[in-house]
Amino acid sequence: MPHNTMITTSIDTSAFLAKHIEKDQYHPAATVIWKRLEYQPRRLVTTNFVLDETITLLSRWGLALFASEFAISVYESHRLTILLPNSIRRKTSYKTVEKIC
């Protein structure tokens with residue numbers, strides 16, 4: 001693989017929830033995986049739909065304050081790319097999703 005090619009990892013709602021919810025059955029594994037991702041040269045991507053779903057679920061589970069803090073931290077992150085399906089990015093987002101799948 002050429003040195004300038006970066007692996008892309010798509011982050012879904014279940015990955016965010018498992019990372020932050022200690023009662024989640026996958027929390028222990030998610031903690032290890034997220035720690036590894038911090039040190040790997042990967043492009044981390046998610047979509048605004050995934051973030052909306054994650055924030056909504058956290059809020060409905062009575063974690064509205066945490067949901068707000070989570071949203072701020074994600075939107076301020078320099079490590080995570082948020083794919084937005086607007087008229088300019090739609091085609092690029094679909095192509096990125098096709099590559100991931």
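I began with T5, which is partly exposed at a relative accessible area of 41% (buried is under 20%, exposed over 50%, and partly exposed lies in between, with a 1.4 Å probe and protein chains only). The model is predicted, so I kept to pLDDT of at least 70 for local features and 80 or more for side-chain atom pairs, while totals for chains, interfaces and linings use all residues. Residues are numbered from 1 along each chain as its sequence is written, and side-chain values use heavy atoms, with hydrogens and water left out.

T5 lies in the segment before β1 (7-10), where helices (H or I, at least four residues) and strands (E, at least two) are DSSP runs numbered from the N terminus. I then looked up T5 and R42, 37 residues apart along the chain, and found their C-alpha atoms separated by 9.4 Å.

Next I turned to the largest nonpolar core, which has 17 residues and in which I11 and F16 touch the most other members; such a core is a set of buried Ala, Val, Leu, Ile, Met, Phe, Trp, Tyr and Cys residues joined through side-chain atoms within 4.5 Å. Two or more residues come from each of α1 (13-20), α2 (27-39), α3 (48-60), α4 (64-75) and β3 (80-83). Leaving aside residues up to four places away in sequence, I list I11, W34, T46, V50, L51, T54, F70 and L80 as touched by F16 (contact means heavy atoms within 4.5 Å).

I searched the whole structure for aromatic pairs and found 3 (ring centres of Phe, Tyr and Trp, the latter by its six-membered ring, within 6.5 Å; planes under 30 degrees apart are stacked, over 60 edge-to-face, the rest tilted). F16 and F70 pair edge-to-face, at 5.2 Å centre to centre with 75° between the planes, and they link helix α1 to helix α4 across 54 residues. Both F16 and F70 are buried, and F16, W34, F66 and F70 form one aromatic cluster.

Finally I examined α3, whose 13 residues reach 18 Å from first C-alpha to last, close to the 18 Å expected at 1.5 Å a residue (1.5 Å times one less than the number of residues). Its buried residues are V50, L51, T54 and L58, which lie on the same side of α3 because they cover an arc of only 95° around the axis, taken from the directions from the helix axis to the C-beta atoms. On the other side of α3, F49 and R60 are exposed. The cover over the buried residues of α3 includes α1, β2 (42-47), α4 and β3.
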